Amino acid sequence: MHACKTFYYIRPHRVIDLDSQSRDNQKISLELLNQKKYMKILCYPIPKTEEFKRRLKELETLNVTEIEFTGTKQVCSIPVLGKGYVGIVVKAHRKNQKIALKIRRIDSNRQSMEHEAEMLRKANSVNVGPKLIGATKNFLLMEYIEGILLSDWLRILEGKSTRNRLRHVLRSILEQGWKLDKMGLDHGELSHAPKHIIIKPNDTPYLVDFETASISRHVSNVTSLCQYLFIGSPLAQLIQRKLDVIKRDNLVNALRSYKKNRIRRNFQAVLEKCGL
Ligand SMILES: Nc1ncnc2c1ncn2[C@@H]1O[C@H](COP(=O)(O)OP(=O)(O)OP(=O)(O)O)[C@@H](O)[C@H]1O
Ligand SMILES: [Mg+2]
């Protein structure tokens with residue numbers, strides 16, 4: 001076996017090599033980052049020398065030693081883990097520690113990453129989300145979740161254990177929603193979450209991206225997740241094809257009771273109506 005590679009085990013005979021998805025991944029130390037192509041990633045979408053220098057200093061204070069350009073998405077032909085409206089997420093290193101680094105886009109409507117860091121810290125307190133490592137105005141450092149997005153995982157899930165594995169993953173996702181509901185933290189983007197649930201090779205799901213999370217809003221994590229996973233999305237249809245068909249009306253009623261009174265018993269009724 002290749003010691004330094006990351007393989008994604010789906011079934012014994014079916015293996016995805018995550019590294020092969022971007023063969024040209026490169027580890028670049030901070031000193032070598034000041035090439036135009038990398039400046040574009042650090043100061044996306046408009047590279048500016050002064051801003052770049054400030055950002056480099058921030059990375060130093062966070063003890064980031066290298067950035068590794070790898071991943072299935074591309075920005076200016078450079079592989080990255082993800083790209084959104086707020087940030088670009090890249091794999092990075094702090095000496096021997098692998099981390100995920102979210103870089104605030106220059107054109108983002110957020111002034112800093114501090115709010116997201118605060119929300120992630122709260123989620124972490126109930127063991128939800130990648131572990132927060134540090135944050136500055138322009139960067140958020142967190143645990144690197146080596147895995148694939150839920151929709152991709154679903155598409156390649158097959159074989160005898162499909163139903164059990166899927167049930168286990170869906171249940172764990174809803175349990176995380178319950179933990180967040182219970183503590184009063186609303187994630188905010190779970191009713192349509194194609195980019196916000198990552199599954200690790202050991203079938204552990206992670207909710208990511210707490211930048212629109214709030215502790216002052218009405219919480220709707222469980223209801224939003226049910227909407228996305230069981231009621232109204234193409235993904236819900238795909239899930240239904242792999243599991244026993246559920247009665248939508250029963251689930252909607254259970255969710256109504258749960259919304260009125262967010263207690264464990266009502267949450268368990270929701271799980272039951274989801275067939276979990
Ligand atoms: N901790 C992590 N480990 C590995 N990959 C991650 C991690 N956090 C985010 N990603 C990847 O980066 C992508 C973008 O992250 P995120 O959703 O936080 O960015 P964003 O700018 O807020 O995006 P959007 O505007 O779509 O909400 C995710 O969909 C995921 O694929
Ligand atoms: Mg976001």
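This tour goes through a predicted model stop by stop, naming what to select and what is found there.

Residues are numbered from 1 along each chain as its sequence is written, and chains are lettered from A and ligands numbered from 1 in the order in which they are written. Because the model is predicted, local features need pLDDT of at least 70 and side-chain atom pairs count only at pLDDT 80 or more, while totals for chains, interfaces and linings use all residues; side-chain values use heavy atoms, with hydrogens and water left out.

**The magnesium ion**

Select ligand 2, the magnesium ion, together with Asp209 and Glu211. These two residues are its protein donors, through OD and OE respectively, at 2.0 to 2.4 Å. Donors are N, O and S atoms within 2.8 Å of the metal (3.2 Å for Na, K and Ca); water is not among the atoms, so the site may look incomplete. Asp209 has 16% relative accessibility and therefore counts as buried, and Glu211, at 9%, is buried as well. The term buried stands for under 20% relative accessible area, exposed for over 50%, and partly exposed for values in between (1.4 Å probe, protein chains only).

**Helix H9 and its partners**

Select next helix H9, residues 264-273. Helices (H or I, at least four residues) and strands (E, at least two) are DSSP runs, numbered from the N terminus. Two packed helices are described by the angle between their axes and the distance between the axes. Axes are lines fitted to C-alpha atoms, for helices over the stretch in contact, and angles run from 0 to 180 degrees between N-to-C directions.

Show the side chains of Arg171, Leu174, Glu175 and Trp178 on H5 and of Arg264, Phe267 and Leu271 on H9, which make the contact, meaning heavy atoms within 4.5 Å.

On the H8 side the contact is made by Asn250, Leu251, Ala254, Leu255, Ser257 and Tyr258, and on the H9 side by Asn266, Phe267, Ala269, Val270 and Lys273.

**Arg104**

Move to Arg104, in strand E9 (residues 97-104). Arg104 is buried, because its relative accessibility is 8%. Gly87 is 17 residues away along the chain, yet the two C-alpha atoms are separated by 4.5 Å. Beyond neighbours within four places in sequence, the contacts of Arg104 include Arg55, Val86, Lys137 and Asn138.

**Backbone features**

Most residues other than glycine have a negative phi, and most peptide bonds are trans.

- Select Tyr44 and Pro45: a cis peptide bond joins them, with omega about 0 degrees. Pro45 belongs to the loop between helix H1 (36-42) and helix H2 (49-61).
- Select Asn63, whose phi is positive, about 65 degrees, although it is not a glycine. Asn63 is placed in the loop between H2 and strand E4 (66-69), and with 48% relative accessibility it is partly exposed.
- Select Cys76, another non-glycine residue with positive phi, near 50 degrees. Cys76 sits between strand E5 (73-75) and strand E6 (78-80), in a loop, and is partly exposed at 38% relative accessible area.
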